[in-house]
Amino acid sequence: MTKYITKKSGKYWPSKEMKKIAWVNDDKIYKQADKNPVKFWEKLAKEGLVWKKQWDKAYVEKLPYFQWFKGGKLNFCVNCLDRHLGKDKTALIWIPEPVKEKPVKLSYGELHEKVCKFANVLKKLGVKKKDVVAIYLPMIPETLITMLACTRIGAIHSVVFSAFSSDALKARIQDGKAKVLITSEGYYRRGKKELLLKKAKKAVTGTSVKKIIVVSRFGKKVSGTKYLDFQKELEKADSYCKPEIINSEDTMFILYTSGTTGKPKGIVHDTGGYATQAYWTAKWNFNLHENDIMWCTADVGWITGHTYAFYGPLLNGATTLIFEGSPDFPNPGRWWDIIDKNKVTVFYTAPTAIRMFMKFGDRWVKKYKFSSLKILGTVGEPIDEDAWDWYFKKIGKSRCPIIDTWWQTETGGTLINALPGIGPFIPTVAGKCFPGTKHIVVDKNGKKVKTGKTGNLVQCSPFAPGMLHGVYKNHKKYIETYWKRFKKYYDTSDGAYIDKQNQIRITGRTDDVMKVAGHRLATAELENAINESKIVSESAVVPVPHKIKGEVPIAFIVLKKHNPSEALEKQLKKQVDKSIGPTARPSKIYFVKQLPKTRSGKIMRRILKALLVGEEPKGLMTLVNPKSVEEIKEIISKK
């Protein structure tokens with residue numbers, strides 16, 4: 001088997017074989033891009049995409065807003081599908097969870113026809129350019145079809161994670177004022193049927209939704225004037241839909257993410273800038289060629305699923321593979337079997353999953369060859385050295401580079417990582433800024449810190465093309481979250497340090513957001529869910545490290561009159577399941593008499609976290625109730 005990596009001076013570097021096939025193999029690219037980032041991206045946009053009209057100005061900045069390729073016109077769907085027609089090429093491979101159910105393969109031509117048909121279905125329902133369409137679907141082919149259909153007619157898609165509760169779905173529908181919801185009967189998870197339609201029906205009550213289009217996953221047909229069967233509507237529609245020409249700076253999609261307040265934020269992404277970054281980061285980071293089969297294991301409910309499970313591979317004319325089910329069902333060898341059978345060349349997953357497989361032991365990976373793999377990637381959180389080493393040796397067979405990517409829902413695409421043809425690939429270190437982008441580390445006053453010192457990671461102007469273009473209909477939230485602290489820099493709310501070789505290591509979140517199994521969740525959102533219960537006086541949620549999930553939420557709850565009990569703990573966990581979803585469920589709940597607070601009434605979560613991880617909390621002099629700390633310490637020690 002070809003070896004794509006070599007080791008020297010204690011670091012891993014691309015081998016001669018990797019350099020030969022890599023799109024970029026010379027680190028001069030960084031200096032070239034730094035000279036004039038706007039011209040650099042302008043050149044990439046021309047080379048990577050099909051434009052109906054060239055832009056008038058490549059970059060316009062009036063902080064806190066900025067625009068890329070202003071005046072340019074294009075259609076995103078055309079760039080994903082139409083330009084690849086004529087090639088006998090598979091666009092999508094779908095693996096259902098039930099082992100006896102046959103995989104589905106769609107060529108670019110077949111996918112194009114289905115997308116056109118569904119675009120016509122949406123038009124028939126009165127969906128127009130700039131209308132919001134809510135999508136509440138699992139990892140099935142229809143999800144990609146519906147999203148691309150929206151981009152074909154210029155509608156804005158708003159995808160909601162299928163594991164989210166009806167309340168979470170409702171909040172997102174209401175914020176976007178969607179008139180159409182696309183959902184499914186459900187999907188398979190660990191051999192069981194997860195019912196979506198039931199939650200969707202509850203969510204749309206009292207909202208702007210007029211029609212619900214339902215994908216029949218279990219064979220049942222829907223009825224009623226408000227409910228339409230996906231397949232029936234598709235069969236009645238024309239097989240071609242003329243693409244709408246969209247302004248580069250027009251909104252393409254909204255994706256809701258957790259923030260430091262309870263209400264989720266609708267992150268706005270435009271068309272031309274996002275398409276440019278999605279195309280080139282997929283191409284260069286994963287050395288993606290047309291004959292590659294890429295499997296990004298992320299759910300489409302998250303940005304990683306948008307950009308690298310769906311759009312990035314298709315923009316590059318490659319094949320994308322998606323899987324419906326659980327990683328370890330019916331056994332812990334399922335993923336590895338999929339890789340070998342489908343000859344996956346690029347595999348992109350989360351450290352959480354890798355740590356889970358490590359616990360299952362090596363016997364589940366020994367019988368698989370992994371000979372097709374060329375590139376491994378990680379996403380969602382910094383990867384620890386043990387997980388990196390296992391992934392490299394057991395899955396990559398010590399011959400594939402690991403591309404450890406840093407980015408966010410807000411950035412649209414990856415922004416910090418090593419490039420496979422350049423390297424180096426260093427465990428726990430993300431790498432360099434993607435060419436044409438610049439990040440620095442600053443102190444709390446916005447002053448650049450010395451090399452090697454930890455601080456706040458910020459992005460500098462000109463801001464990357466795929467960056468968010470605001471929070472949907474909430475200018476105030478956009479300012480407060482991303483621009484209030486450092487004004488001229490985009491605040492990532494991540495900590496980091498940069499070494500002398502410009503290698504960046506991410507040290508974790510600096511705000512009240514946690515990463516649970518790669519999913520970004522706000523402590524405030526969980527607290528709001530808990531506080532909805534009539535028995536709760538107040539609560540505080542803090543994340544703690546977890547060997548498998550990276551972080552898990554722990555809740556401290558003050559009850560009104562009730563006495564603490566296991567039954568109450570179960571009740572409150574169910575409350576979180578209902579309000580947000582099982583992903584957000586607290587790992588533990590501690591019932592306390594009072595929470596540590598400052599004289600201004602602020603709950604000191606850092607003190608709670610210190611107690612949980614066995615550290616001596618500092619700054620108790622600022623508390624109005626310092627005795628609460630000893631009380632909580634005793635409660636933790638007993639449980």
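Reader: Is Glu249 buried, partly exposed or exposed, and why?
Author: In this predicted model, Glu249 is partly exposed, because its relative accessible area is 22%, and buried would need under 20%.

Reader: Which side chain does Glu249 meet in a salt bridge?
Author: That of Lys70, at 4.0 Å from N to O. Lys70 sits in strand β4 and Glu249 in the loop between β15 and β16, 179 residues apart. Lys70 is partly exposed too, at 32% relative accessibility.

Reader: How many salt bridges does the structure hold?
Author: It holds 28. Another one pairs Arg217 with Glu101, with the closest N and O atoms 2.9 Å apart. Both residues lie in loops, Arg217 between β13 and β14 and Glu101 between β6 and β7, so the pair ties together parts that are 116 residues apart in sequence.

Reader: Arg217, buried or exposed?
Author: Buried, at 12% relative accessibility. Glu101 is partly exposed at 28%. Arg217 and Glu101 are also linked with Glu324 in a network of salt bridges.

Reader: What is Leu111 in contact with, sequence neighbours aside?
Author: Beyond four places in sequence, its contacts include Leu81, Ala91, Leu148 and Leu314.

Reader: And α16, which residues are buried there?
Author: Lys477, Tyr478, Thr481 and Tyr482. They fall within an arc of 105° seen down the axis of α16, so they line one face of the helix. What covers them includes β4, β17 and β27.

Notes: Residues numbered from 1 in each chain as written. Predicted model: local features only at pLDDT ≥ 70, side-chain atom pairs only at ≥ 80, totals over all residues. Heavy atoms only, no water. Buried < 20%, exposed > 50% of the residue type's maximum accessible area, 1.4 Å probe, protein only. Helix = DSSP H or I, 4+ residues; strand = E, 2+ residues; numbered from the N terminus. Arc of directions from axis to C-beta. Contact = heavy atoms within 4.5 Å.
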